[in-house]
Every structure is written in C-alpha cells, then in structure tokens.
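Please look at the sequence and the structure below before reading on. The paragraphs that follow go through a few parts of it in turn.

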Amino acid sequence: MHDRSPSGLHLLHDKDATKNGSSADLPFTVQGMTVAYHHKPVLWGVSYSAPKGCLTAIIGPNGAGKSTFLKAALGLIPKLSGETRVFGDPIEKGLKRIAYVPQRSAVDWDFPATAIDVVLMGLYGQIGWFRWPSRKHRQTALDCLKSVGMQDFADRQIGQLSGGQQQRVFLARALAQDAEVYLMDEPFAGVDAATEKAIVTVLRQLVAEGRTVLVVHHDLETVRDYYSHILLLNGQHVADGPVETTFTSENLQKAYGGRLASTQLDGLSQASGA
Amino acid sequence: MEQFFAALTLSAGYNTALVCIGAALLGAASGAIGVFVLLRKRTLISDAVSHATLPGVALAFIIAQIYFDAGRSLPVLLFGAALSAGIGVLAVDWIKAHTRLTEDAAIGTVLSTFFAVGMVLLTVIQSLSLTGQAGLEGFLLGATSGMLRSEALTIAVAAALVGFAVVLRMKEFSLLCFDEAFAAASGYNVRWLDRTLLLLLLGIVVIGLKTVGLVLIIALAIIPPVAARFWTDRVPVLVAIAAGIGASGSYIGAALSASAPNMPTGGLIVLVLFSFFVVSLLISPVRGILAAALKHYRFQRIVHLRQGLLAIAHEEPVMEPLTRSILRRGGFMGGDGQPTVKGQSEARLIERDQKLWNLYREMHPEESHALADWSLKPIGEVLPADTVNVLEQELCPQFARTDETGNGGTN
C-alpha cells in the first residue's frame, strides 16, 4: 500500500488507545477524511498524522485538495467522513491550540483596519468577550509584527501594503495566537524573495521552539531547502514522511503523474538539500 | 420654520421631543449595525428583511383586530413583523444552502414574494373594512405624527439596547467581517455570530418600521456607514461616525417631519442622511473625491518632478513646460534652463532610488506591479528595511558589505 511513516496512525483504530495518552502526543491527526463539492470528491479517505515539532510541506498538483485538506480538517467546510484530533482531543476542543493562516486572497484587503488591528485579531481569544485590547496586548502585537520585520508598518492601512507585507501581517497574527500547531495555506504565494526569507526564518524559529508546522507549498524546487517532512496528496494520500526518504521521484510521479517530466523529477529528488 | 427649530431644540412639546430622541437613538443603532452589514457585504439581505416584515404586520393586524380588537397595538404589530422577517431570512438561508442559486437570486425571490403577500393582505384588510387600518400605511413610508408617547419610548429603549449590543460585539463582528475562515478556525461559532448580526439588524428594521417605514428603513442602516466610510480606515471610528451620522440625520429628519406633518418621516430622514453622504463624498480628506482630485494633482507633480530630476541626472534636456516650471519652483533648475547645484545633488539621489526601484521590478515583477507607490516615493518608505537591504546588496555589493553595521532602514 502507501508508503507511510511510523506516525502512530494504527493506534487510532483502537478506541482505548486514544485515551491512554499515546495519541495525546500527536499534535494533528486526520483519520479517513473525505470531502466532496457537489458530488465531486476532492479528497478521498485521507489519513495522516503530523510529526511533532517538524516543519512539513503539503504538496501535490493543482486541484489535489491541499487547501481543502486544511479547511476540512479544521471543520471550516463540511466533510462526508473522517475526524481530526489535536493532541488526542476532537478538533472543536483542539482549535485553541491551533493557529491557521488562510490564503491571502481569501480576504478583502480594503477592510478598515491597520496592520496592528489585524494582528490583534489573533489575540481576541485571549482578550475574551466584552473586553478591549489593553496596552499589554498592543505590545504583544507589536512584538509579533517585529518578528516578521513589519514594526514600521503597524499603523498602515492594510490595503496600502504590498502582497508580501500583507502575508507577513497574516503570519504575525498567527504568531500572536501562540499556538502549538501552525497550519498555513500557501504563505509563499506571490511574495517577494525577502518576504519568503523572512517567513522561512519564522517557520524555523517556530519549529525550534517545539511547535508543529504544516504548510501548503507550491514550489517543488524549494521543498528540500525549507522542510524536513512532506505530505504528498493527489486527492488521496500518496505518501508522507521525512524529505530524504519520501521526496522521491517514484512518489512524485505517483502524485503528479505525467505532469512532471521524469528528468525534472530526477533533478528535484536528487538535488542535495543545502 | 419656527416649528422646525422648536422641534430641533426639543421645545415643541414633550411628545415631539420624545419622538426626535427616539429617532436619533434608532439612527445611531442602525448606523452602528449597518457598519457590519456593509463590511459583511450583506446590504442586500437587509432589503429582504425589511420587505419581509409586511405580511407579518398585516397578519398581526387582522388577527389582533378580529379576535382582540387590538389592531393598533404597536408591540403586537412589531412582533408580527419580526416573525415574518425572521421567516424571510431563514428562507433566504435555506435556498442558499440547498440549491445552487446565489444569495442575490434568493433574496430577490424572497423579497418580492413576501412583499406581494403583504400587499395582498393589505387589500384584504381594506375590503374587510376593519377599524383602525388607517395607521397601517404609516408602516410603508413612516409616520411619526400622532405617535403615542409609549410608542416613542418603546422605540427609544429598544434602539438603545440594540446599539449597546452592537458595541459589545464589535470585536467579534469585525473578525467575522474581515476573515471568516480565521474566525472559525479560532473557535468562534461563525454561523451563530452571523445569526446574531442578522438578528440585531432585524431588530432595528422592526423598531424603525413605524418611524421610517419598511420601504426606506434599509437606507437608515446603509447610508450612515457608507458615508462614514469616507472618513476613516478604522472599525471603531467607523462605528462611531456611522452612529453619529445616523443619529443626527434621523433627529433632523424627525424634527422636519414634526414641522410638516403631511410629509412622510422616512423620506425626510433619508433625504437628510443623503445630504450627509454627499458632503462626505465631496469633502472627506480620507477618501472624498475632492481629496482624491488633490491627490491626483500632487501625484502628477511628483511624477513630473521625478522625471525631470532623472532627466537632469542623465544630462538630458527637459522639454515639457510643466516639468520645467515644477523644477524651477523647487529650485532645481535656474532661469536659464540649466540645473542648479541643488538640482544636481537631488538628481543623483533620485537616480539611485530609481535604480533600486528598477531592480525591485526586475526581481519581483508581480509584487512591484501590485505596489501603489512604485518609484514614486523613496524606496525605504515603501518597502521593509530587509527588502531594501537585499536590493542594495544586489545593486552595489561592496558598498552594502562595508555598511553592514548600519541597519539600512532609513524611514
């Protein structure tokens, strides 16, 4: 069957195992997830468990259901089957421990808000209902902007920021959430090289702190440089595991089919990661 | 006129004063909730809500009048209005969820059908010749004349409550309107938040039926935030300004109506609100069209100045009269058409800046095309310091390496 890393998935089939603590170590686990739009299956029976404290790329061809995978796992769109567990808890309980970064194109950037307003949204959960952000919250938000190099743009209206800057603001908002699991939908789409570098630095920092990071990624050329693990999708689960053993030309061929020339595949999978 | 000023200064009698204050509170609350309806891009649904109140009002009147002889009781009529408006919203939601129709199609269908049912019921009421039906017309276009003291008080209190609720939920509503997926992923119940927003809107529509009328009540929720949007780029300020515009527009409209009892109150309020909109559209320094024209004028001058200075840097002749006059006025060019010392040093600065911008366009074409101030402002004011650093290193490697101690970010 599929090449599957020792991710402890088999434990989930045993109901008792979820209670005895072993699955409480698994930061993000999806079991048998199927999603369809208007009777057209986009994801079919996908099971996956994210390796803890690792930086993982979700890759696959266009329409492979990479973004859908994140959205359905988080319960943002309806699924036909499957469940998500966060450290052993059902997703509804686990959302507090997750930070999600949607695609930049998903929002209207003419919204009346400044960069720091958007970052503060990541703290709303902490601030609670009926209360306003305090000086302390503003300072936290500023620190988050600083770690993505955007402190000078805190009071800029978000519509006046460039695409890369907007993406950095989104990342800062996720940092403000101080989560254990980070799920990011194409953070590198349409950003400049400096932003790409800044984002990679932040992602590595998050992983160094023991957090688990999953990133929907498009550019196969950079997979080896940026990530330690991959999840390969093509509507179904193709493979997951460490880059060295999983990012192989056979697996890429399985996911991309004829869409990648075999010479290209060889080049990608044999390129030595710096 | 005298009557108008008397009403405006709350000295045209207790009832009129109460009606005006009630209208002001209604305007403030609907302006506040309207901000989020606008930001959620659901202004159309508010039209469905208001039109869907009519069958409820008519049915409530028939039932109350025939069985309890209480057809003029405002709470009963408003309860009927709220009920049918609620059903209307649920119908729109249901059509949207269970068919492949878009929301606007669903709204158009529900809105017209409910209104048609309401009109048929009004005709039925006329043919039944029930007593007390004269007051029903007021629900279409709004009528404050002859409003009872208790009615005005009910409106004022209910509007204040809705406004208070909006302010309490401001954070969550902002989140919902800006980034629904993020809100849901952060654990907020988005469906429920959406329902709360619609429920508050429904509350305002129902409360405002008597004052503004169902045809125009929606203007009270839409025009104030639209006008306020010209003035600010922050949600809390937007809510405050929209509430202010809604309150003063409704207050002035109600006072006008008190001095001219034959005029429909709703129409007067909307006209006053519209004047606020026009003024905002014209003179707002943030997004108004005069400010935009001024900005364009300045923009043109910046372009000419920059191109003139670049021409000086490249030792090309400056031919265009506008460019020459701008250069001369800035002291960059002498009367003889030759660049001054100041002009030459400024030209060198601009030339370097332009090289960085050109490099940026070369390295990140997609990004730079989306950027508003590309090659108009000094690059350090537009791009983050680290991006500029990369460009500087690319442009002039030796220079950037020796300059490593400085942070390169000159803002």
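Which residues in α3(B) meet which residues in α5(B)? This is a predicted model, and in it B:I45, B:A48 and B:V49 of α3(B) meet B:A85, B:G88, B:V89 and B:V92 of α5(B). By class, this contact consists of 6 nonpolar residues and 1 polar residue, with no charged residues.

The geometry of the two helices can be described as well. Helix α3 of chain B covers residues 43–51, and helix α5 of chain B covers residues 74–98. Their axes come within 8 Å and cross at roughly 135 degrees. An angle over 145 degrees would count as roughly antiparallel, and one from 65 to 115 degrees as roughly perpendicular; α3(B) and α5(B) are therefore oblique to each other. The crossing in which α3(B) passes α5(B) is right-handed.

Next comes the place where the two chains touch. Here 31 residues of chain A are in contact with 30 residues of chain B. On the side of chain A that touches chain B, at least two residues each are supplied by β7 (98–101), α5 (124–127), α7 (163–176) and α8 (193–208) of chain A. The residues of that side of chain A divide into 18 nonpolar, 10 polar and 3 charged.

Chain A also contains a sheet. In general, the strands of a sheet pair through backbone hydrogen bonds, either parallel or antiparallel. In chain A, an open sheet of 4 strands has the order β3-β2-β5-β6, and its pairing is antiparallel. The edge strands are β3 (40–49) and β6 (89–90) of chain A, each of which pairs on one side only. Strand β2 of chain A, residues 29–37, is joined to β3(A) by 6 bridges, and the two run antiparallel. A:M33 stands opposite A:V46, a residue in β3(A).

Two residues in loops of chain A have a backbone angle worth checking. A:F87 lies in the loop between β5 (81–86) and β6 of chain A. Its phi is near 50 degrees, a positive value in a residue other than glycine. A:E186 is not a glycine either, yet it has a positive phi of about 50 degrees. The loop that holds A:E186 runs between β8 (181–185) and α8 of chain A.

Are these two residues buried or partly exposed? A residue counts as buried if 20 or more other C-beta atoms lie within 10 Å of its own. A:E186 has 21 other C-beta atoms within 10 Å, so A:E186 is buried. A:F87 has 18 C-beta neighbours inside 10 Å and therefore counts as partly exposed.

Methods:
Residues are numbered from 1 along each chain as its sequence is written. Chains are lettered from A and ligands numbered from 1 in the order in which they are written. This is a predicted model: local features need pLDDT of at least 70, side-chain atom pairs count only at pLDDT 80 or more; totals for chains, interfaces and linings use all residues. Axes are lines fitted to C-alpha atoms, for helices over the stretch in contact, and angles run from 0 to 180 degrees between N-to-C directions. Angles under 35 degrees count as roughly parallel, over 145 as roughly antiparallel, 65 to 115 as roughly perpendicular and the rest as oblique. A crossing is left-handed if the near helix is turned anticlockwise from the far one by less than a right angle, and right-handed if clockwise. Two residues are in contact if their C-beta atoms, placed from the backbone, lie within 7 Å. Ala, Val, Leu, Ile, Met, Phe, Trp, Tyr, Cys and Pro count as nonpolar, Asp, Glu, Lys and Arg as charged, and the others, Gly among them, as polar. Two strands pair if DSSP finds at least two bridges between them. A residue is buried if 20 or more other C-beta atoms lie within 10 Å of its own, exposed if 12 or fewer, and partly exposed in between; C-beta atoms are placed from the backbone.
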